[in-house]
Amino acid sequence: MAQPIELILVRHLAGRLALPTFLVDADGRLVFYNEAAEPILGRRFDEAGEMAFEDWTSVFAVRDERDQLVDVDQIPLARALLTRRPVHVRVAITGLDGSPRALEVSAFPLEGQGAQLLGAVALFWESAIEEG
């Protein structure tokens, strides 16, 4: 499937970042995560591959600070896509290796010419979730 040039360029940039980065297209399909993200997500991208929105949102089991599953529309990347606004939250996920991880996530939408929604990017890092 052909991707917009802007998405290709962001993927190229993400591949060179030391910060874990996750990239989805306008449909929410996972199109890439970088090498820095692989230890946190529990599998190399070339082994996991692209995933439909429904697949990656369920397999990573995104949970809030109370350890409750987050509604799919509240997952940071989904919120960035739906609202076309940046978002920053703390969440927990289950990596593809089955290990739980606490994360800080900043996600933002990607727009092309004419404000066409192209996708969204999440930058994230491991963080301790404070107990309330």
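Modeller: Let us start with a helix: in α5, the residues Pro-76, Leu-77, Ala-78, Ala-80 and Leu-81 are buried. Buried means under 20% relative accessible area, exposed means over 50%, and partly exposed lies in between, using a 1.4 Å probe and protein chains only. Helices (H or I, at least four residues) and strands (E, at least two) are DSSP runs, numbered from the N terminus. Residues are numbered from 1 along each chain as its sequence is written, and side-chain values use heavy atoms, leaving out hydrogens and water. The model is predicted, so local features need pLDDT of at least 70 and side-chain atom pairs count only at pLDDT 80 or more, whereas totals for chains, interfaces and linings use all residues.

Biologist: Which elements do the buried residues of α5 pack against?

Modeller: They pack against β1 (21-25), α4 (53-59), β3, β4 and β5, where contact means heavy atoms within 4.5 Å.

Biologist: Which residues lie nearest the centre of the largest cavity?

Modeller: Of the 14 residues that line it, Phe-22, Trp-56, Ile-93, Leu-103 and Val-105 lie nearest its centre. At least two lining residues come from each of α5 (76-83), β3 (87-94), β4 (100-111) and β5 (117-126). By class, the lining has 14 nonpolar, no polar and no charged residues, where Ala, Val, Leu, Ile, Met, Phe, Trp, Tyr, Cys and Pro count as nonpolar, Asp, Glu, Lys and Arg as charged, and the others, Gly among them, as polar.

Biologist: How should I read ring pairs, and how many aromatic pairs are found?

Modeller: Rings of Phe, Tyr and Trp (its six-membered ring) pair if their centres lie within 6.5 Å; planes under 30 degrees apart count as stacked, over 60 as edge-to-face and the rest as tilted. A search of the whole structure finds six aromatic pairs. The rings of Phe-22 and Tyr-33 have centres 6.1 Å apart and planes at 10°, so this pair is stacked. Because Phe-22 lies in strand β1 and Tyr-33 in strand β2 (residues 30-33), the pair ties together parts that are 11 residues apart in sequence. Both Phe-22 and Tyr-33 are buried. For Phe-53 and Trp-56, the ring centres are 5.6 Å apart and the planes stand at 85°, so that pair is edge-to-face.

Biologist: How are β3 and β4 joined, and do they run parallel or antiparallel?

Modeller: Two strands pair if DSSP finds at least two bridges between them; here eight bridges join β3 to β4, and the two run antiparallel. Ile-93 stands opposite Arg-101 in β4.

Biologist: What about backbone angles, and which phi does Arg-84 take?

Modeller: Most residues other than glycine have a negative phi. Just after α5, however, Arg-84 takes a positive phi of about 55°. Ala-61, which is not a glycine, has a positive phi of about 45°, and its place is in the loop between α4 and α5.

Key: On a 1 Å grid over the protein atoms alone, a cavity is a set of points where a 1.4 Å probe fits but cannot get out, and a pocket is an open set with protein on both sides within 12 Å along at least five of seven lines; lining residues have an atom within 4 Å of a point.
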